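Subject: Structure to look through

Dear colleague,

Here is the structure I promised to pass on to you. Please open it beside this message and keep both in view while you read.

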Amino acid sequence: LSVSALGGAEFIEHGRIANVFWTRLGILILNLALLAATGRWWLPWCRSILHLDATQAGPVLAYMGALALWLHVQQTLIAAKRIALQAAFTLIDRVFVLACVIAFYATASMSVEMVVGVYALSALLVSVAALVPLRHLLMPVVAFREHATARILRFSLPLLPGGGADFAVSQ
């Protein structure tokens, strides 16, 4: 949400969204690295809840990372006022997954690993493809900026209790 809100403001003020995009991407990468580093503590619990064996955890983690990137790119498209493009890429993502699942079913080669892998691959492909029309808005690549990071965190931190409450209520 911080990318669409703060990136939208940056887009209106400066005609680009590079500062918010790259700063939020840096935060995303740090969060993914933290999750990977602490996986031995939370992954067994997560696997037991989802009833996954060890071979299925890798594709699920890949999908989580790819989906986080795709959500970041979607918020960037929204911030840059490219709603129709965001909808088109979301449609392409869903059609690609559906076609692959139908093909897996038709060839009797469907497995959890393959289906989740297709979801991850699709999210990654549409993320990269969606960055192409945004490239002029994302340049120059900016370093991790303290001021932008503080703004993003100030915006995002109040959302955590609400997200936690939503999760607790839905369980």
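Below I set out what was found in this structure, beginning with the overall fold and going on to single places.

The model is a predicted one, in which local features need pLDDT of at least 70 and side-chain atom pairs count only at pLDDT 80 or more, while totals for chains, interfaces and linings use all residues. Residues are numbered from 1 along each chain as its sequence is written, and side-chain values use heavy atoms, with hydrogens and water left out.

The protein has eight helices and zero strands, where helices (H or I, at least four residues) and strands (E, at least two) are DSSP runs numbered from the N terminus. Of its 171 residues, 34% are buried; here buried means under 20% relative accessible area, exposed means over 50%, and partly exposed lies in between (1.4 Å probe, protein chains only).

Helix H3 covers residues 39-50 and contains Trp-45, which is exposed, with a relative accessible area of 55%. Together with Ile-49 and Leu-50, Trp-45 makes a nonpolar surface patch of about 340 Å². Patches are made of residues with over 30% relative accessible area and no salt bridge, and they join like charges within 9 Å or nonpolar side chains (Val, Leu, Ile, Met, Phe, Trp, Tyr) within 5 Å; the areas come from the Shrake-Rupley method with a 1.4 Å probe, and for residues only the protein chains shown count as cover.

Leu-50 also belongs to the lining of the largest cavity, where it is joined by residues including Leu-43, Cys-46, Val-60 and Met-64. A cavity is a set of points, on a 1 Å grid over the protein atoms alone, where a 1.4 Å probe fits but cannot get out, and its lining residues have an atom within 4 Å of a point.

Which residue in the loop between H3 and H4 deserves a look? In that loop lies His-51, which has a positive phi of about 55° although it is not a glycine, and which is exposed at 70% relative accessibility. Lys-81, in the loop between H4 and helix H5 (83-106), also has a positive phi, near 60°, and is partly exposed, with a relative accessible area of 47%. Most residues other than glycine have a negative phi.

The search of the whole structure finds one salt bridge, meaning a side-chain nitrogen of Lys or Arg within 4 Å of a carboxyl oxygen of Asp or Glu. In this salt bridge the side chains of Arg-94 and Asp-93 meet at 2.4 Å, N to O; Arg-94 is partly exposed at 37%, whereas Asp-93 is buried at 3%.

Technical notes:
On a 1 Å grid over the protein atoms alone, a cavity is a set of points where a 1.4 Å probe fits but cannot get out, and a pocket is an open set with protein on both sides within 12 Å along at least five of seven lines; lining residues have an atom within 4 Å of a point.
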